[in-house]
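I opened this entry to keep a record of what I looked up, in the order I looked it up.

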Amino acid sequence: MAMTDPIADMLTRIRNASRARHEEVEVPWSRTKESVARLLVGEGYLQAVERTKSKKGPGETLHIQLKFNKENVPIISGLKRVSRPGLRIYVGYEEIPPIRGGLGINVLSTPKGIMVDREAQKAKVGGELICSVW
């Protein structure tokens, strides 16, 4: 059976692994998932992302290392899928909502690629609101 929302699946795997205090998680690879994960590494929410051959069959997987502070508390306290296959959410660069008073980030899919809300506002480009992270 085909998965209808692979981005939500990746976010849920990260959320569950983080709450269970796992140091790493594997998700099936796609270009979009890799872009979102690398963006989260760049923003300091994840430790590292590596693309590897799948051990269980054909295809590739993303090997994601989660990030924790000194007290073993996950850096990611919340992940939320905003736009989904049944209800796409598009915003202009002026309409991007702040997350937790500016303490979180929105991830957008724009014509210039996947980027964080700050970068999208600076580039004056809107797009699909993929997820929010705080």
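I began with β1 and strand β3 (residues 60–66), which pair in the antiparallel sense over five bridges. For naming, I took helices (H or I, at least four residues) and strands (E, at least two) as DSSP runs, numbered from the N terminus. I counted two strands as paired if DSSP finds at least two bridges between them. The model is a predicted one, where local features need pLDDT of at least 70 and side-chain atom pairs count only at pLDDT 80 or more, while totals for chains, interfaces and linings use all residues. Residues are numbered from 1 along each chain as its sequence is written, and side-chain values use heavy atoms, with hydrogens and water left out.

Within this pair I looked up Val27, and its bridge partner in β3 is Leu62. I then traced the sheet: three strands form an open sheet in the order β1-β3-β2, with antiparallel pairing. β1 (24–28) and β2 (46–53) stand at the edges with a single partner strand each, so one side of each has no neighbour in the sheet. Neighbouring strands here are turned by 25° against each other on average, direction ignored. For such values, axes are lines fitted to C-alpha atoms, for helices over the stretch in contact, and angles run from 0 to 180 degrees between N-to-C directions.

**Helices on the sheet**

I used contact to mean heavy atoms within 4.5 Å.

How far apart are the end C-alpha atoms of α1? They are 20 Å apart, which agrees with the 20 Å that its 14 residues should span at 1.5 Å a residue. The expected span is 1.5 Å times one less than the number of residues.

Just after α1, Arg21 takes a positive phi of about 60°.

**The helix pair**

α1 and α2 pack at an angle of about 40°, with their axes 10 Å apart. The contact is made by Pro6, Ile7 and Met10 of α1 and Thr32, Lys33 and Val36 of α2. I therefore recorded the two helices as oblique to each other; under 35 degrees counts as roughly parallel, over 145 as roughly antiparallel, 65 to 115 as roughly perpendicular and the rest as oblique.

**Hairpin and loops**

I moved on to strand β6 (residues 105–110) and strand β7 (residues 113–116), which run antiparallel and are joined by four bridges. A hairpin of two residues connects β6 to β7, and Thr110 stands opposite Gly113 in β7.

Last, I looked up two loop residues. Arg100, in the loop between β5 (90–91) and β6, has a positive phi of about 50° although it is not a glycine. Arg100 is exposed, with a relative accessible area of 52%. Lys124, in the loop between α3 (117–123) and β8, has a positive phi of about 55° and is not a glycine either. Lys124 counts as exposed at 58% relative accessibility.

Conventions: Buried means under 20% relative accessible area, exposed over 50%, partly exposed in between (1.4 Å probe, protein chains only).
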